[in-house]
Amino acid sequence: MTDQIITIDYGSGGKLTNQLIRSLFLKYFNNPILNKLHDGAVLPPTNHRIAFSTDSYTVSPIFFKGGNIGHLAINGTINDIAMCGAIPKYLSVSLIIEEGTSMQILEQITCSMAEAANKTGIQIVTGDTKVVNKGDVDGIFINTTGIGYIDSGVHIHPGRAQINDAIIINGPIGNHGISILSSRENLQLEESVLSDTAPLADLVQEMLSITKEIHVLRDPTRGGLATALNEIAQSSQVEIEIEEENIPIEETVKDACKILGYDPLYLANEGKLIAFLPEQFAEEVVQKMKTSRYGKQAATIGRVITQGRSEVSLKTDIGGRRIVGMLSGEQLPRIC
């Protein structure tokens, strides 16, 4: 691979496409299923229930503090599968690359995708590459689709929140949103805010090792914590109350929100989850989460207070109460 720039020919399906697959993608994504270079991946049979999810990533800029689009594309789909209570097993990766993209950048992104997949043990088993004319996309877009297996006894979905469920979060909110904003606008914050992009599958399995009575899991990405809670309240027809003083937020994120006029409840996250589960298991699950790399700041932030009415309210630090609605419109486009 002598060229330093991706040209249209790399997406032609011919010699250069084959060269790109063998010298770059197989180098990093190497596994027995992908190495067959079949038209599709032939997966081993299973007796498990299957979770299946897909997402596309168009984040701008493609490199940001704490990660890049490749890292984000793998973690995002891993987390979507994990929120079903599944163990992620297989991924497809489809890339749409703008002509003129540096080969070095593509290799850096590919390498970070492999690293993110290896952390969770998920295999990239099939994929596709297209190269489009300059200006038709902004750098690189990535679609990832994933499959995971659900163990028996696990029944997690957004309509299962129940009265007296505790609501747990694994750490501080808003970091990804502020990281993207500061990278995009070249903001000079006193301290850098790193994206929280991370794979949460192992954390979910640790939580399930305490109890399989987890009713709902959700990663509060676009629309943030507030929107995710409202979606669950609607699906389960429950009233949710959260407590401001218990919601972890880093001081740098709070300061940035004050300056920029953002509410951290609506900022995007890429390494956070919220869980609804019976109150009697909450403390043990939180303590288990705190032993995990991605759950060290886990906290109980609220509970389900009534059924039959979908609403989310916030008890403020000063003892007030306000209704927290769903995000209206796009607060910050191309966040993931």
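**Exercise 1. Strand pairing**

Which residue stands opposite T306 in β11?

Solution. The model is predicted, so local features need pLDDT of at least 70 and side-chain atom pairs count only at pLDDT 80 or more, while totals for chains, interfaces and linings use all residues. Residues are numbered from 1 along each chain as its sequence is written, and side-chain values use heavy atoms, with hydrogens and water left out.

Step 1: take the elements from DSSP runs, numbered from the N terminus (helices are H or I with at least four residues, strands E with at least two). Two strands pair if DSSP finds at least two bridges between them.

Step 2: strand β9 (residues 238-243) runs antiparallel to β11, with 5 bridges joining them. Here E239 is the residue opposite T306.

Step 3: β11 (residues 299-307) is also joined to strand β7 (residues 165-169) by 4 bridges, again antiparallel. In that pairing A166 stands opposite R303.

**Exercise 2. Helix α1**

Solution. Step 1: α1 covers residues 15-29, and its 15 residues reach 20 Å from first C-alpha to last, close to the expected 21 Å. The expected span is 1.5 Å times one less than the number of residues.

Step 1: a bend of about 30° occurs in α1 at I21; the bend is the angle between axes fitted to the seven residues ending at a residue and the seven starting there.

Step 2: the buried residues of α1 are T17, L20, L24, F25, L26 and F29. Buried means under 20% relative accessible area, exposed over 50%, and partly exposed in between (1.4 Å probe, protein chains only).

Step 3: these buried residues pack against α2 (32-35), β4 (86-98), α4 (103-120) and β5 (123-132). Contact means heavy atoms within 4.5 Å.

**Exercise 3. Salt bridges**

How many salt bridges does the model have?

Solution. Step 1: apply the rule, a side-chain nitrogen of Lys or Arg within 4 Å of a carboxyl oxygen of Asp or Glu. The count comes to 10 salt bridges.

Step 1: in one of them, E107 pairs with K27, with the closest N and O atoms 3.1 Å apart. E107 is in helix α4 and K27 in helix α1, so the bridge ties together parts 80 residues apart in sequence. E107 is partly exposed at 27% relative accessible area.

Step 2: R218 and E231 form another, at 2.5 Å from N to O. Because R218 lies in strand β8 (residues 216-218) and E231 in helix α7 (residues 224-236), this pair ties together parts 13 residues apart in sequence. E231 is partly exposed, at 31% relative accessibility.

Step 3: R322 bridges to D263, the closest N and O atoms being 3.5 Å apart. R322 belongs to strand β13 (residues 321-323) and D263 to the loop between α8 (251-260) and β10 (274-278), so parts 59 residues apart in sequence are tied together.

Step 4: salt bridges with shared partners join E239, R309, E311 and R321 into one network.

**Exercise 4. Backbone exceptions**

Which peptide bond is cis, with omega near 0°?

Solution. Step 1: the bond from S60 to P61 is cis, and P61 is in the loop between β1 (49-57) and β2 (63-64).

Step 1: N164 has phi near 75° and is found in the loop between β6 (140-150) and β7. N186 has phi of about 55° and is found in the loop between α5 (175-185) and α6 (201-210).

Step 2: N164 is partly exposed at 41%, whereas N186 counts as exposed at 56%.
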